[in-house]
Each structure stands twice: as C-alpha cells, then as structure tokens.
Amino acid sequence: MTDGVDPRRAIIPRRLSGVKRVIAVTGGKGGIGKSVVSSMLALVAARSGKRVGLLDLDLTSPTDHVILGLRDQFPTEEFGLEPPNVGGVHFMSVQYFLRERAAPLRGQEVTDALVEILAVTNWGVLDLLVVDMPPGLGDATLDAVALLPRAEFLVVANGSTIVLETVRRMLRLLIELRSPLVGVVENMERGAPGAVAELARASGIAFLGALPPDETLEGAFGDPDRL
C-alpha cells in the first residue's frame, strides 16, 4: 500500500469488467442452504449455455467445492489466477489454498483476504458471476457489498422464526445500502406456510418461490450431472 491506499482495490473493477451480471447470494445466517442455492444457480445457468463463474466468499468454512465435486484442479496463473472449470463452472475459492487447514481470520485480515481474492482472480468474459456471500452480518459481508458495487442480491431464507428474524435484518441492511435486490427465495420449505413470502412482501421485495426439501440432494453432492 502507498500512503494508506491499497492499490489492489483499483484492480478489482478491471477484473470484473468482462462480467455482464453479478448475482450475490446471501441470507445473513449460516446453515440455510446459501451455498447449495449458489452452486445450483451457477450449474443451471451453465447448463443453459451461459459462461458462468462461481466465487465462494466464505473465507473460513467454504463448502461450494464439496457441492461441485472439486478434485485436483488448481488455478493457473497468467495475468492473474484463472479459475478452473469445475462441472462447467469457472470456480474460485480459498479452498484451493486452505486444503484441510482452518483459516482463523480476524479484523483487517478478513478485509485483506477479500480484497486479495477479488484482485487476483481473472474472470475474463462471463455472462454471470454468482457470488456465495460470507455468512452473517459482520465485516466480511459489509466489505463484500462495498467491493462488489454492481452486485444484485438474491436472499435465501426459510420459515424458521430465528432465520426469518435474521433475514429481516439482512433485507433492512441491503435496502439501507441501496443495494439492488433480485428477490427472496425460500429454501428447505418448512415452518410457518407463507412466512417467507410475507416477509418479502412486507419488505417490498419480490418473492421468487420455494424449494422443497429433497432427500436425494445430499447423495448428489460432488456430482454436477446428478445435481
């Protein structure tokens, strides 16, 4: 950095200049299927003929690589890191570097890691980049929102009272930040019928529909064709 200015931040818009659309999948809480929705959205878009990227921004416990079935792929380097093609999706994650290690990041380390992965990844030309956002409502999420000004947000929820309260806070935050919202999707439909749809309507956000529980899903992880 020079005079307190991080030059990596200036590189990020250039790295994303060839990306037509950025959809950031969030929810404000872990364990609601955000990573499954992100991965499936990327896979379905790729199967429809679009050039798609998936960026897992969960820096401490990434899981998209498990869903996609990452094997021995690793980014190549030419004018930046080139995300490997995993199941038809150009995929980037800290998992390439963590392997089985933990990443106990704190404070400024979180911001530095987010800036670094966005600055070094060369996405090239994409129709769609799906971003699996960090869990929670803390620094990592706020940093990601600031670093991805073109992102449109897809919010994942379910009918659990606890999840609904957290998602309500996430929606308020995104509205206050004037972030564009694609809508709300209910995952693992359960709890009070219609509660997620009502929350979306009360927030002035589109309700995109509900995904029912699927007992076969777990067994399909790691196999994009089965997924």
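V145 lies in helix α6. This is a predicted model, so keep that in mind for everything I say. With a relative accessible area of 11%, V145 is buried, because the limit for that label is under 20%. What does V145 touch beyond its neighbours within four places in sequence? The contacts are M133, F153, L174, L177 and S179. One more value for this residue: the C-alpha atoms of V145 and G219 are separated by 33 Å, and the two residues are 74 apart along the chain.

Now the helix around it. Helix α6 runs over residues 139-147. Which of its residues are buried? They are A140, T141, D143, A144, V145 and L147. An α-helix has 3.6 residues a turn, so residues three or four places apart point the same way. You can look for that spacing on the screen. The elements that cover the buried residues of α6 include α1 (7-15), α5 (108-120), β8 (152-159) and α7.

Let me take α5 against α6. The two axes come within 9 Å and cross at roughly 35°. The crossing of α5 past α6 is right-handed. On the α5 side the residues in the contact are V110, T111, L114, V115 and L118, and on the α6 side they are A140, D143, A144 and L147. By type, that contact has 7 nonpolar residues, 1 polar and 1 charged. A140, D143, A144 and L147 were also on the list of buried residues in α6.

Next, α5 and its other partner, α1. Here the axes come within 8 Å, with a crossing angle of roughly 40°. That angle makes α1 oblique to α5. How is the crossing of α1 past α5 handed, left or right? It is left-handed. From α1, the residues in the contact are R8, R9, I11, I12 and R15. From α5, they are T111, D112, V115, E116, L118, A119 and V120. The split by type is 6 nonpolar, 1 polar and 5 charged.

On to the aromatic residues. How many aromatic pairs does the structure hold? There are 4. One of them is F74 with F97, which is edge-to-face, at 5.5 Å centre to centre and 80° between the planes. This pair links distant parts of the chain: F74 sits in the loop between α3 (64-68) and β3, F97 sits in helix α4 (residues 95-98), and they are 23 residues apart. F74 counts as partly exposed, at 41% relative accessibility. F97 is partly exposed too, at 36%. A further pair is Y96 with F97: the ring centres are 6.5 Å apart and the planes are at 75°, so this pair is edge-to-face. Is Y96 buried or exposed? Y96 is buried, at 2% relative accessible area. Taken together, ring pairs link F74, F91, Y96 and F97 into a cluster.

Then the backbone. F79 is not a glycine, yet its phi is positive, about 60°. Where is F79 placed? It is in the loop between β3 (76-77) and β4 (81-82). F79 is exposed, at 71% relative accessible area. R178 is another residue other than glycine with a positive phi, in this case near 60°. R178 is in the loop between α7 (161-176) and β9 (181-191). At 78% relative accessibility, R178 counts as exposed, because that label applies over 50%.

Last item, helix α8, residues 195-203. Its buried residues are A195, V196, A197, L199 and A200. After α8 comes G204, with a positive phi near 75°.

V145 is one of the buried residues of α6. The aromatic cluster consists of F74, F91, Y96 and F97. F79 has a positive phi without being a glycine, and so does R178.

Methods. Residues are numbered from 1 along each chain as its sequence is written. This is a predicted model: local features need pLDDT of at least 70, side-chain atom pairs count only at pLDDT 80 or more; totals for chains, interfaces and linings use all residues. Side-chain values use heavy atoms; hydrogens and water are left out. Helices (H or I, at least four residues) and strands (E, at least two) are DSSP runs, numbered from the N terminus. Buried means under 20% relative accessible area, exposed over 50%, partly exposed in between (1.4 Å probe, protein chains only). Rings of Phe, Tyr and Trp (its six-membered ring) pair if their centres lie within 6.5 Å; planes under 30 degrees apart count as stacked, over 60 as edge-to-face and the rest as tilted. Contact means heavy atoms within 4.5 Å. Axes are lines fitted to C-alpha atoms, for helices over the stretch in contact, and angles run from 0 to 180 degrees between N-to-C directions. Angles under 35 degrees count as roughly parallel, over 145 as roughly antiparallel, 65 to 115 as roughly perpendicular and the rest as oblique. A crossing is left-handed if the near helix is turned anticlockwise from the far one by less than a right angle, and right-handed if clockwise. Ala, Val, Leu, Ile, Met, Phe, Trp, Tyr, Cys and Pro count as nonpolar, Asp, Glu, Lys and Arg as charged, and the others, Gly among them, as polar.
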